[in-house]
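Please open the model in your viewer and keep the sequence beside it. The tour below moves from one selection to the next and says what is found at each stop.

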Amino acid sequence: MSAVTAAHPALAAVDFAGLGLRNRLAVAPMTRVSATADGLVTDDMAAYYQAFALGGFGLVVTEGTYTDTAFSQGYFGQPGIVSAAQAAAWQPVTAQVHAAGARIVSQLMHAGALTQGNRFRDRTAGPSAIQPLGEQLSNYGGSGPWPVPVELSPPDITGVIEGFAASAARAREAGFDGVEIHAANGYLLDQFLTPRTNTRTDRYGGGIEQRVRLTGEVVAAVREATGTGFTVGVRFSQAKVNDHTHRWPDDPREAAVVFTAAAHAGADYLHIAGNGRDWFTDATLGAKGPTLSSLAHGVTGLPVIANGGLHHADTARRVLDERHAQLLAIGTAALANPDLPRRLTEGTALTPFDPALLQPRATLENARRVLAG
Ligand SMILES: Cc1cc2nc3c(=O)[nH]c(=O)nc-3n(C[C@H](O)[C@H](O)[C@H](O)COP(=O)(O)O)c2cc1C
């Protein structure tokens, strides 16, 4: 962080959504496509995750993890949590992160129409048979335009909900402190939220109340499958991985419907993802509206994670002091500085993020090199 001081509010302990955290710094979810072909987490990945806990982060949110053996897997090398074997492979990760003093939440993700590597199916599926904008992500081994997805049938949708719920129950068994449902960045639940990709005429399409229905049903099913004493969060964003300029309507009423639906369904926290450019520009609704995170907190009363460029100490301080959010999730700067909280405490400058860090991926070597450096 630039301009660091010992009294930075991000270093204060907080009881966030039932998670007692030693500070307000979380690792943002980051796909690393480093699992085995069977979607099993490796020892190197456990070391990679533990490095963030050793570096002082209060909370680790895992990379997006697939939730069923139908259409959810987005990338080859993505870890899953769809079987006892996959859940067991996560156990060393949760144990090692806990041993180093942090809490850990599993991000549950269904890629929907933005799938570019799924070993279970050779077709993609989404709310409607509409080709996604943009091109597949080369970082994760994709190229060229996205295929046109098949429209999910009502039984397929039931399967999606059951996949999230069963995966959340497995995550609890594997030692996670909670799950975060990925409804951001253009993936399946966000495809349902977005009028361009959801032209359904059944109960899951139409106005915002219908388009948010699937997210609400997923949250409710996850809540029921995991019971009390387990944290359930939901991540939303304006931008999408295949459309960085996408913005929600300026009128805050739509956003309020979305946040309220997640809260009523049983969410314990909301997470608003940004782009990583200027946080206040990214996070503000319309030209002069409230920030999405303060709106989310205001209409639901739930604690909120803010994200996007928050490794800048002065911006991070403002976000917390002005109560735009209660927790900060750090992405690329955490990759470059798994010990970012320690550096903030000691007043040490951050190592700039170098995209070369994405190769090698989530390896022990990489974690060691960065922690040593
Ligand atoms: C390599 C990489 C992988 C990512 N994978 C995910 C993911 O699996 N799930 C998710 O919600 N966001 C994902 N993101 C987005 C980040 O969580 C975060 O929103 C973004 O990096 C902006 O935050 P930053 O400015 O702190 O980096 C990813 C970002 C990067 C750089």
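Which residue just after α6 takes a positive phi? Select G227, which follows α6 directly and has a positive phi of about 75 degrees. The model is predicted, and local features need pLDDT of at least 70, side-chain atom pairs count only at pLDDT 80 or more, while totals for chains, interfaces and linings use all residues.

Now select residues 213–226, the 14 residues of helix α6, which reaches 20 Å from its first C-alpha to its last, close to the 20 Å expected at 1.5 Å a residue (the expected span being 1.5 Å times one less than the number of residues). Helices (H or I, at least four residues) and strands (E, at least two) are DSSP runs, numbered from the N terminus. Ten of the 14 residues of α6 are buried, a word used when 20 or more other C-beta atoms, placed from the backbone, lie within 10 Å of a residue's own. Among them are L214, V218, V222 and A225.

Next, select residues 43–54, which form helix α1, with twelve residues and a reach of 16 Å from first C-alpha to last, close to the 16 Å expected. This helix is also mostly covered, since nine of its twelve residues are buried, including M45, Y48, Y49 and F52. After α1 comes G56, whose phi is positive, near 110 degrees.

**Around the ligand**

Select the ligand and the 23 residues around it, of which A28, T31, G64, G276 and G331 come nearest; a residue belongs here if its C-beta atom, placed from the backbone, lies within 6 Å of the molecule. The elements that give two or more residues to this shell are β4 (59–66) and α11 (332–336).

**The whole chain**

Finally, show everything: the chain has 13 helices and twelve strands, and its C-alpha atoms fill a box of roughly 55 × 45 × 40 Å along the principal axes. Of the 373 residues, 54% count as buried. Residues 24 or more positions apart account for 75% of the contacts with a separation of 6 or more, where a contact means that two C-beta atoms, placed from the backbone, lie within 7 Å.

Definitions and conventions
Residues numbered from 1 in each chain as written.
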